[in-house]
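Open the model in your viewer and get your selection tool ready. We will go stop by stop.

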2 protein chains.
Amino acid sequence: MAPRSYRQFCPVTMALDQVGGRWTLPIVRDLLVGPRRFTDLRRGLPGLAPNLLIDRLRELEAIGLVERAELPPPAARQVYRLTPRGRALEPVILELGRFGVDLMDRPSDSLEIFPEQTPVALLTFARTEFLPPWEMVVQVDLTDRGPFTFSVGPTHGPEGIPLRPSDRCGVTPGPSQEADVHLGLSTIHLLQLRQGALDPTDLVSGGELHLHGDPTAVASACRVFGFEPPD
Amino acid sequence: MAPRSYRQFCPVTMALDQVGGRWTLPIVRDLLVGPRRFTDLRRGLPGLAPNLLIDRLRELEAIGLVERAELPPPAARQVYRLTPRGRALEPVILELGRFGVDLMDRPSDSLEIFPEQTPVALLTFARTEFLPPWEMVVQVDLTDRGPFTFSVGPTHGPEGIPLRPSDRCGVTPGPSQEADVHLGLSTIHLLQLRQGALDPTDLVSGGELHLHGDPTAVASACRVFGFEPPD
DNA sequence: CCGCATCCGTTTCGATACTG
DNA sequence: CAGTATCGAAACGGATGCGG
């Protein structure tokens with residue numbers, strides 16, 4: 001039985017034929033952070049039935065976006081991870097996330113929060129058109145979710161090839177020893193700053209926004225995360 | 001009767017809650033080019049039943065991504081068009097398309113081709129990380145689909161705000177009087193050049209790729225469309 | 001416990017026919 | 001032209017079971 005297809009010779013619908021199914025992109029989102037076991041994925045995706053999860057993983061494997069890897073004996077048996085082609089979905093996920101950020105104004109309590117997804121969320125908060133031309137490391141301390149390291153890489157790759165913004169930056173959980181900038185605040189404040197609903201100066205004087213590091217780098221980091229640097 | 005939701009406080013899944021339904025993004029894709037009537041949309045989306053189309057349009061209207069507009073008396077009654085918020089989906093569609101371009105290597109005859117979608121397809125072909133810092137107009141003559149005008153705007157908007165690449169460029173059907181660059185070739189050749197499956201120099205000497213205009217601008221246009229400028 | 005497989009009620013989708 | 005109405009097929013969601 002041929003799977004559903006839009007049957008158009010168009011890049012958008014051909015992409016949707018592969019990844020437009022329900023749960024497919026959320027699964028890829030979770031795999032973006034790193035390899036995951038079946039049960040790890042289930043934990044981060046409540047509401048997704050196990051049969052559907054295995055269906056999706058098999059489909060993704062069949063089209064070459066995901067592969068299974070065996071782990072050495074002491075650890076758990078196998079993990080699912082993205083292939084390079086699967087990682088090519090990162091810009092898609094991030095753009096979707098950037099569209100979705102504006103929907104996050106009210107953290108309804110009917111919506112669950114999963115810490116594993118914070119790195120991807122932080123990446124979507126970043127406005128890549130404000131990335132500085134230089135490299136830098138920003139430690140973002142989300143008071144309600146812990147420390148994360150946001151890294152900005154070079155503008156060009158080997159042989160002078162320009163890099164896409166999404167290839168220039170990444171987020172990993174945990175602190176960094178060599179951060180150029182430290183940024184401390186809560187998730188909600190970060191979101192509200194982005195919407196312009198809060199004044200950064202007020203937050204700083206209220207002790208709810210902490211900024212440290214070289215002023216130029218700090219200012220750049222603020223603009224990347226959606227607000228004007230105070231003072 | 002609440003619609004299906006991923007129920008996560010995550011920008012990606014909240015975006016998918018709005019636009020992750022089947023046919024939703026293809027509808028938005030067609031509206032990106034301009035306002036469309038009900039029947040126009042149907043023509044470009046075969047396989048989409050009319051009841052589902054109206055369902056999707058009503059949903060999109062309810063969440064503020066699409067609005068109905070009445071046309072002046074002589075013309076047809078009403079059209080559907082994107083709101084500014086709906087237009088914010090353009091980067092999502094384009095990234096999906098960029099992922100999908102690599103799937104277009106073989107134009108299977110089970111896949112239909114709709115001329116109305118060519119402007120969006122052309123935009124997805126463009127590698128925005130290669131956009132030059134200057135403004136320019138490129139007329140792309142697809143020998144099998146007609147002329148299109150690809151415009152590159154300024155790097156910064158009013159007040160010095162940097163613009164996202166997708167906000168810097170656009171495609172309209174038809175030729176341009178003030179094109180800086182002319183690029184003539186078939187859709188298939190364009191796709192194959194992008195994949196590196198063809199040598200641009202061969203195509204030029206074979207008369208299947210025509211390039212005109214200021215050499216620097218031509219070279220830039222070639223890189224944007226995925227191949228090294230010949231000579 | 002992990003990694004699924006099976007079963008089953010509900011929702012959504014797709015195709016066709018019909019109406020103002 | 002712009003939808004409604006109907007209905008069978010497919011997809012989804014939840015619960016349960018089961019071997020390693």
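Start inside one chain. This is a predicted model. Select domain 1 of chain A and domain 2 of chain A: six residues of the one are in contact with six residues of the other.

Which helix gives the most to the side of domain 1 of chain A that touches domain 2 of chain A? Select helix α2 of chain A, residues 24–33. This helix gives four residues to that side. Now colour the residues of that side by type: three are nonpolar, one is polar and two are charged.

Next, show both chains. A rotation of 180° superposes chain A on chain B, with 0.0 Å of shift along the axis and an RMSD of 0.1 Å. That is the relation of a two-fold axis. To find the axis from chain A, select A:V92. In chain A, its C-alpha is the nearest to the axis, at 3.1 Å. The same surface serves both copies: 100% of the contact residues of chain A recur in chain B.

Last stop: select helix α6, residues 90–101, in chain A and in chain B. The two helix axes come within 9 Å and cross at roughly 170°. Angles over 145 degrees count as roughly antiparallel, so α6(A) is roughly antiparallel to α6(B).

Show the side chains here. From α6(A), pick A:P91, A:V92, A:E95, A:L96 and A:F99. They meet B:P91, B:V92, B:E95, B:L96 and B:F99 in α6(B). The residues of this contact divide into eight nonpolar, no polar and two charged.

Note on methods. Residues are numbered from 1 along each chain as its sequence is written. Chains are lettered from A and ligands numbered from 1 in the order in which they are written. This is a predicted model: local features need pLDDT of at least 70, side-chain atom pairs count only at pLDDT 80 or more; totals for chains, interfaces and linings use all residues. Copies are superposed by least squares on the C-alpha atoms of residues with pLDDT of at least 70 in both. Two residues are in contact if their C-beta atoms, placed from the backbone, lie within 7 Å. Ala, Val, Leu, Ile, Met, Phe, Trp, Tyr, Cys and Pro count as nonpolar, Asp, Glu, Lys and Arg as charged, and the others, Gly among them, as polar. Axes are lines fitted to C-alpha atoms, for helices over the stretch in contact, and angles run from 0 to 180 degrees between N-to-C directions. Angles under 35 degrees count as roughly parallel, over 145 as roughly antiparallel, 65 to 115 as roughly perpendicular and the rest as oblique.
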